[in-house]
Structure formats: C-alpha cells, structure tokens
Amino acid sequence: MTVTVRVPAKVNVQLAVGAARADGFHDLANVFLAVGLYDEVTVTPADELRVTCEGPDAGQVPLDATNLAARAAIALAERYGRTPDVHLHIAKDIPVAGGMAGGSADGAGALLACDTLWGTGASRDELLDICAELGSDVPFSLVGEAALGTGRGERLTALEVGGTFHWVFAMAVRGLSTPAVFREFDRLGEGLDVPEPVASRELLDALAKGDPDALAATVSNDLQPAALSLFPELADTLAAGRAAGALATLVSGSGPTTAYLARDPASAEKIAEALRTSGTCRSVRVASGPVPGATVVDSR
Ligand SMILES: C[C@](O)(CO)[C@H](O)COP(=O)(O)OP(=O)(O)OC[C@H]1O[C@@H](n2ccc(N)nc2=O)[C@H](O)[C@@H]1O
Ligand SMILES: Nc1ncnc2c1ncn2[C@@H]1O[C@H](COP(=O)(O)OP(=O)(O)OP(=O)(O)O)[C@@H](O)[C@H]1O
C-alpha cells in the first residue's frame, strides 16, 4: 500500500510575540492562514526508515532522523508499539527555511500518511498532540484553513474566513534560522517592556469578512524587525512589492520569505512580475488561501 498526503504552506497574518519564557519559547498570538503552495509526502512500506526528497530546494533538506517527516513516523510508531519501517518521499515545493512552515508541513503530512498506512485508529486529538511535540507550527499544518495559535503557537482555535485572499511570495537568496530570529527579537527588546501577545479584533473581523483592504490595514508581524535586522536587504524586496501595488507587505513568520497581499488575481500577477524583474529575490510564487490542511490525495 502507498499513501500520499498533500500539505499546504502558511503565512502568518498576525504574529504577536511575548517575552521569552523560562523554557526558551515565546508565547504567541499567531494568526495562521494556509495558502496553496504544497509539499506532498508519500509513504510506502520498507525494510527500514528511509527519507528521500525531490524539488528545487531538495539539497537543503536533511534526509536523516532529524527530518521532521522521519520524526513524525518515529513518534507515531513509538506510540503504537511498532517499528517505523517506511520509505518517506517528500515532493517539496514549499521553500526551505523560508518561514512558511515547510518542515512542519512534512511532519504533519508524514504523520497523517503513516497513520493511514498503519490504520492506527488514532483520534484527531492524539495526532494533534504528536504534532505539538514535533514543533509549534506542526498542528496548524495538519488542520489548515485559518486558526489562532496561542501558547507557543500549538494551541489552535479555528477562525472563520469570509473569502479568498490572494498573495504573492518572494523567496530570498538565503534562509534564516527560526531560533536566530527569535533570539534577535529578544536582543532588540532588551530592557523594554514586552506586552502580552493578543490577537487583533480588527484583524479577525477582516478575515471573517474576507475584506482584503481591512486585512491589509491590520496585518502585523512582531518578528519583522528582527528578520530585517538579520537580513536588511529584505527591505528592498518589500519596497518593490509595495511600489507594484501590494495592499500590504510583510515578512512571512520568521522570514526571510516576504508576503504581498493583492486585491485580486490580476493584481497578484502584476506584483509577481514586478518582483521577478526587481532583482531583489530568488524566485516568486502566487498562491491564495485559505486552503485545507493535510489531506490524503492517494491511497492504494
Ligand atoms: C515563527 C513561526 O513559524 C510562526 O508561525 C513559529 O513560531 C515557529 O515554529 P516552528 O518552526 O515550528 O518552531 P519550533 O520548532 O517549535 O521551535 C524552533 C525554535 O524557535 C523558537 N520559538 C518557536 C516558537 C515559539 N513560540 N517561540 C520560540 O521562541 C525557539 O527558539 C525554538 O527552539
Ligand atoms: N522535512 C523538512 N523539510 C525542510 N527542512 C527540514 C525538514 N525537516 C527538518 N528540516 C530542517 O529544518 C530547517 C528549517 O526548515 P523549514 O523549511 O521547516 O523552515 P521554515 O519554513 O522557516 O519553518 P517555520 O516557518 O515553521 O519556522 C531546515 O533548515 C532543515 O535543516
């Protein structure tokens, strides 16, 4: 039997970050939106655990037991007292180390694929618990659509969205490490009072209405100054997107991918073209959301 699961990338339309906690993590008010850029994870029975990866960024993906897909298979197998004897193949289209939860997508995808292959009968809550152990973004990759993440981002409340939002994403010439960006956030905030992170009422209303202008007026990312501090050239990419008519521009999560909200698909194509010719980024993609989370697309 072979099972293939498709999993989307995310953009954080609000990322409010609190002070560092004793465990090193930060409390968040993290408003996730799943967008239509996908990785696919295919699982087949094998003699032992093996990971392969294809796609433009495949060379940057670890193929050992640190891969989040491998860790997901191991965690599920341990819980059900079996060996993770599978071949996991990742068809990777989500940029690596781009702040779009690519590794998290593969973790959630491998978990759902192995669960389907092995027929464990795990409940949704059990799967979400394993996701939370794997990483703060992994539960959202499983559920998709739109959600507010609290705690370190792993405790999810589904959000209503009243329409489709059109986005352009600019991939940067190099990656940024998520822990390094959080460390820079701490450094920039040294000696300052960091407020409790709270979701913006106006932003949640804008999502519920499906209103791009209202969303544009309320998007925010507390990690953006830290990402720009570590990667100042991102300001040029943001400026190019703004000049091309983006309603809002922001760093996606911990970056360095930058996100541009467009009024409609035609405007998204225009912004994408302007970014492609700006010489300020590696590649450009158009995607819209919300879209469903991890989904079995083939099982035979
Ligand atoms: C930046 C975001 O992508 C926004 O959605 C996430 O907060 C990061 O989620 P992730 O990549 O799944 O992160 P994890 O694998 O859980 O944590 C990686 C590292 O990021 C930092 N981290 C992550 C989440 C959080 N709430 N506080 C943190 O300080 C910690 O240094 C942690 O060791
Ligand atoms: N399946 C995977 N795909 C990509 N990277 C992985 C995977 N598993 C582990 N990694 C490691 O995780 C690092 C971060 O990659 P990832 O693509 O998940 O970053 P990200 O999109 O910035 O994450 P997030 O948005 O959740 O902070 C990579 O540099 C790589 O070493």
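## Annotated span

The structure is a predicted model. An unreviewed UniProt entry assigns the feature "domain: GHMP kinase C-terminal" to residues 204–278.

## Ligand 2: site and shell

Ligand 2 sits in the largest pocket. Its shell holds 22 residues, and the closest are Ala97, Gly99, Gly103, Asp106 and Asp137. Sorted by class, the shell around ligand 2 consists of nine nonpolar, nine polar and four charged residues.

Helix H2, which covers residues 102–118, supplies four residues of the shell around ligand 2, the largest share.

An oxygen atom of ligand 2 lies 2.6 Å from a side-chain N or O atom of aspartate 137, a residue listed among the closest to the ligand. A nitrogen atom of ligand 2 lies 3.0 Å from a side-chain N or O atom of asparagine 67.

The backbone also takes part: a polar backbone atom of methionine 100 is 3.3 Å from an oxygen atom of ligand 2. The area exposed by ligand 2 when taken alone is 610 Å², and the protein buries 79% of that.

How values were computed: Residues numbered from 1 in each chain as written. Chains lettered and ligands numbered in written order. Predicted model: local features only at pLDDT ≥ 70, side-chain atom pairs only at ≥ 80, totals over all residues. Heavy atoms only, no water. UniProt positions renumbered as here; feature names shortened; annotations may be inferred. Near = heavy atom within 4 Å. Polar contact = N/O pair within 3.5 Å; in protein donor to acceptor, adjacent residues only side chain to side chain. Areas by Shrake-Rupley, 256 points an atom, 1.4 Å probe, with all protein chains shown as cover. 1 Å grid on protein atoms, 1.4 Å probe; cavity = no way out; pocket = protein on both sides within 12 Å on 5 of 7 lines; lining within 4 Å. Sits in = over half its atoms within 2 Å of the grid points. Helix = DSSP H or I, 4+ residues; strand = E, 2+ residues; numbered from the N terminus. Nonpolar A, V, L, I, M, F, W, Y, C, P; charged D, E, K, R; others polar.
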